[in-house]
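Dear colleague,

I am passing on to you the structure that we spoke of handing over, and I would be glad if you could look through it before reading my notes below.

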Amino acid sequence: MNRYTVAVLVRNQFGVLNRVTSMFRRRQFNISALTVSETESAEFSRITVVFDGEETYKQQLINQLYKLPDVCSIKEFTADNSISCELLLIKMQNDPATRDDIHAAAEAFHAATVDYSKDSFTLRLADDPRRVDDFINLMRDYKILEICRTGSVSLEKGSTTIRQTINF
Amino acid sequence: MLLSGADILVKTLIEQGCDTVFGYPGGQILNVYDSLYTHQNEIHHILTAHEQGAAHAADGYARTTGKVGVVISTSGPGATNLVTGIATAYLDSIPLIAICGNVPTTQIGSDSFQEIDITGVTLPITKHNYFVGSVEQLADTVREAFTLASSGRPGPVLIDVPKDVQIAKCEYTPKQPAQAEKPYAAKDIRIKEAAEYINAATRPYIYFGGGVITSAAQDEMLQLAEKIDAPIGCSLMGLSGIPTDHPRFLGMQGMHGHYASSMAMHNADLIISLGVRFNDRVTGNRAKFATKAKIIHIDVDGSELSKTVNAVCGLRGDVKLTLQGLLPLIKQSSKSDWNATVARFRAEEDDYLDNREGLTPRRAILTLNKHLGANTAVATDVGQHQMWSAQNLSFKSPRRFVSSGGLGTMGFGLGAAIGAAFGTKERSVLVTGDGSFGMCLNELATAVSYNVPVVILIMNNGVLGMVRQWQTLFFNKHYSNTVLDRKTDFVALARSFGADGVAVSTAEQLDAALATAFEHDGPFVIDCTIDKDEFVLPMLPPGGSMDDIIVKVGD
């Protein structure tokens, strides 16, 4: 089982996210994280998909994506050739006994405190998804009230862009 | 020129070379029907009895002509009635455009009368679909739909056109018919790889499907077979791809395939598969499927390569162009040992053939063969009669077997046979069962209205024969809800629709009835009595392998 990150450039049209996710559902592709946003061009949206599986599973997912007419380009990312980043918001119980330990960990991970109340505080971390996992695992020793994470976004290192490989 | 959306839609269809459409009117598509009235000298609309029949007719038209079939319906129930027809076309990769009306854009999403989210409903059963939000997009959307439906691996495309978009006006400039995307051959490196495997093979078997018919690769395939001295088999969708009596052709393989064809595939050391997708009805138990063979797979749809069975060499590209690249790299060779083995399989198959006296299913189809012209299209419904047809029909030209292979749609046949008659401009044939015919017989009205020459052969056994066969073999003869024993008099029924017909119960009567039917002006029904306990054989039990093949009853 490997973890794969795939960026998909799609035509920025009504319902395009539905087309992509509907295909994942009906072909039983299990997705770990999915983000979608506008891009440098109003013509395109960009979807980043993270999933676990074997090589054939990944290839089948990519092949099926290519069959959707709205899909313009697909890039597969590895840890070596890309930068990935994910945003985490984590709400912790504000307990005087653990507060200092949590803040020490937050400082080590460069997580910022973005909300504070008598009973809780919320930390924000933007980092590589694996670092986000590490931080959450660390926090499990304390009382986590709520977690929200965005899923990974990725760009290729260097000047290459996904639009250079568009195939219509 | 400033035109309404409805006029633009119809003019764009005409511009794209479409001269025949099938459909059924209704409230939210009225404007388009008004435009069809205006343009009735340029585009012929066939009114069916039901939208499903219209979709199957457009499908049958597309299968027999290779052109894009077009079906039109209103919103809501009209649109949902198309769904089975669209799904049938999707599973068999048939180019089809479905055009539906919808409520005005201002009412979309408010659960208006006859409003349905048909783009949502058809998302998984179309290559792509469009909701046309403004009249300015309409003409180009239709053009893009024609390109998409016919490019690469063909398939259905749906266009949802709200009422206000049909009414609104904009400038229309005619354009040339849209071209399908240019086909391409597989990569040279893959072709070289494939050639090495083929040149090294001692027991090659060529296995083709609908993709060979779509890309018209018959000649190249036969050249390859001659060069490497290989037998040829096919999937259900490949039938009619090459003449049935071609000396290298072993027939369909798979669950109810020809014994020799399935045995040759099972014993081959290389399966050269062309435009197929290794469906479960073809492979049975995949772990035991063709274990002695390496598989080379050429398909225009890359996602089919190694989807269900692993290919040592997967070539994404048009079958015809890829074979053209491959042929010069192939060494001429003769394989007498392998062909002797194949000849032995053929001889064994001859021993298993059903040569009983009387009106057996096989004899019924063989009798039909005597009456078929070189260009006659034969449609089927789904069930035992479909398999008997697939096993025993004799084809002379491609695109003349019209059958729902992937979805297995009972009720497909009559609409499809009507569409096929319009497509070929010739008499067509429907082979059906009493169960399947009961699902679609309303289209007899269409056949009568347009005086469509269609010979309808009902293999009437009073039961749902294929399900009954499974119940006999695997469910302790618990004939749960498969005994129809209805009192329908199909000949009287045909007459009540304004057609004619005759009931037969012997082979001689059938022969005479077919002679009458093939001379008859308009649709003709033959109610042919078949014993309810006839089996389709051979049979590979579901999930089984060639070791489990049943060739005779009592095995």
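What follows is an account of the salt bridges and of the contact between the chains.

Please keep in mind throughout that this is a predicted model.

**Salt bridges within the chains**

Over all chains the count comes to 36 salt bridges, and I will go through a few of them. In chain A, the side chains of A:Lys58 and A:Glu76 form a salt bridge, with an N to O distance of 3.0 Å. Because A:Lys58 belongs to helix H2 (residues 55–66) of chain A and A:Glu76 to strand E4 (residues 71–77) of chain A, this pair ties together parts that are 18 residues apart in sequence. A:Lys58 counts as buried, at 4% relative accessibility, whereas A:Glu76, at 32% relative accessibility, counts as partly exposed.

Also in chain A, A:Arg130 and A:Asp128 meet through their side chains in a salt bridge of 3.2 Å, N to O, and A:Arg130 is exposed, its relative accessible area being 53%.

In chain B, a salt bridge of 3.3 Å (N to O) joins the side chains of B:Asp511 and B:Lys370. Since B:Asp511 lies in helix H23 (residues 507–517) of chain B and B:Lys370 in helix H16 (residues 361–371) of chain B, the pair ties together parts that are 141 residues apart in sequence. B:Asp511 is partly exposed, with a relative accessible area of 24%, while B:Lys370 counts as exposed at 59% relative accessibility. Elsewhere, A:Lys67, B:Arg153, B:Asp301, B:Glu304 and B:Lys307 are joined into one network by salt bridges that share partners.

**Where chain A touches chain B**

How many residues does the contact take from chain A and from chain B? Chain A gives 12 residues and chain B gives 13 residues, and the area buried between chain A and chain B is about 1,100 Å², of which 46% comes from carbon and sulfur atoms.

Across this interface there are 2 salt bridges, and B:Glu144 forms a salt bridge with A:Arg11 in which the closest N and O atoms are 3.4 Å apart. The interface of chain A and chain B also has 7 residue pairs in polar contact, both residues being at pLDDT 80 or more.

On the side of chain A that touches chain B, helix H1 (16–26) and H2 of chain A each supply at least two residues, and H1(A) gives the most, with 4 residues. The residues of this side of chain A divide into 1 nonpolar, 5 polar and 6 charged.

With best wishes

Key: Residues numbered from 1 in each chain as written. Chains lettered and ligands numbered in written order. Predicted model: local features only at pLDDT ≥ 70, side-chain atom pairs only at ≥ 80, totals over all residues. Heavy atoms only, no water. Salt bridge = Lys/Arg side-chain N within 4 Å of Asp/Glu carboxyl O. Buried < 20%, exposed > 50% of the residue type's maximum accessible area, 1.4 Å probe, protein only. Contact = heavy atoms within 4.5 Å. Buried area = accessible area lost by both parts, 1.4 Å probe. Polar contact = N/O pair within 3.5 Å; in protein donor to acceptor, adjacent residues only side chain to side chain. Nonpolar A, V, L, I, M, F, W, Y, C, P; charged D, E, K, R; others polar.
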